Amino acid sequence: MTVTIELTDQTTKFIINNLYPLYLHDLSEIWGWKPNKYGVFEEDETLTLHDQNKVFDIWWSDPAVFFPYLIRVDDIPAGFALVATPPYTPAGCEYYLNEFFILRSFRGNGVAEAAAVQVFNNHQGSWEVQTNPHEGNSRAQSFWRKTLQKYTGGSCVEETANTQNDGIKIIFKFNNSST
């Protein structure tokens, strides 16, 4: 099994766009989200997934600021990782893992850890990763604790705090400049 990451662009962004509704569906279990009356996981009157993807296009607007990675396993799309840099990061960090998703059929066998390590290794500096503290999100919480402690050799700092735009989160901070 070979896990790879690749930056997507205007010609390949559709693959992440195809995976995004599956990601929102998974999150709906944690957050209690329901689709709108058109079957789209949005709170407004978004009619189609195509309309939803227009808002998501920011990830391909500036390749010096946004890094939309497609995760593949043996050349099959398995998920994505969306990395932002300032000014789209929380204060004090150079890199922010905005979204990270692995399809269920690829979970539990090291794919997520291998992909996360590759993403982190592509960007040296101060990082922040956030996850939901809800008890229904315990698998992700455990994953990030284990993966980041292993990746940083125990130098990852964890706190639970209120974020500026997204409520209370478990926040992991680390610097891989010397990792």
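Helices (H or I, at least four residues) and strands (E, at least two) are DSSP runs, numbered from the N terminus. Axes are lines fitted to C-alpha atoms, for helices over the stretch in contact, and angles run from 0 to 180 degrees between N-to-C directions. This is a predicted model, where local features need pLDDT of at least 70 and side-chain atom pairs count only at pLDDT 80 or more, while totals for chains, interfaces and linings use all residues. Residues are numbered from 1 along each chain as its sequence is written, and side-chain values use heavy atoms, with hydrogens and water left out.

**Stop one: H1 and H2.** Select helix H2 (residues 49–56) together with H1: their axes come within 10 Å and cross at roughly 100°. H1 and H2 are therefore roughly perpendicular to each other (65 to 115 degrees). Which residues of H1 and H2 meet? Show Ile-16, Asn-17, Tyr-20, Pro-21 and Leu-24 on H1, then Leu-49, Gln-52, Asn-53 and Phe-56 on H2; contact here means heavy atoms within 4.5 Å.

**Stop two: H3 and H4.** Now pick helix H3 (residues 111–122) and helix H4 (residues 138–152), whose axes come within 11 Å and cross at roughly 50°. Among the residues making the contact are Phe-120 of H3 and Trp-144 of H4.

**Stop four: the loops.** Go to the loop between strand S3 (76–84) and strand S4 (95–102), where you'll find Ala-91. Is Ala-91 buried or exposed? It's exposed (over 50%), at 74% relative accessibility. Pro-87 lies in that S3–S4 loop too, and the peptide bond from Pro-86 to Pro-87 is cis, with omega near 10°.

Finish at Asp-74, in the loop between strand S2 (66–73) and S3. Asp-74 isn't a glycine, yet its phi is positive, about 50°.

Technical notes. Angles under 35 degrees count as roughly parallel, over 145 as roughly antiparallel, 65 to 115 as roughly perpendicular and the rest as oblique. Buried means under 20% relative accessible area, exposed over 50%, partly exposed in between (1.4 Å probe, protein chains only).
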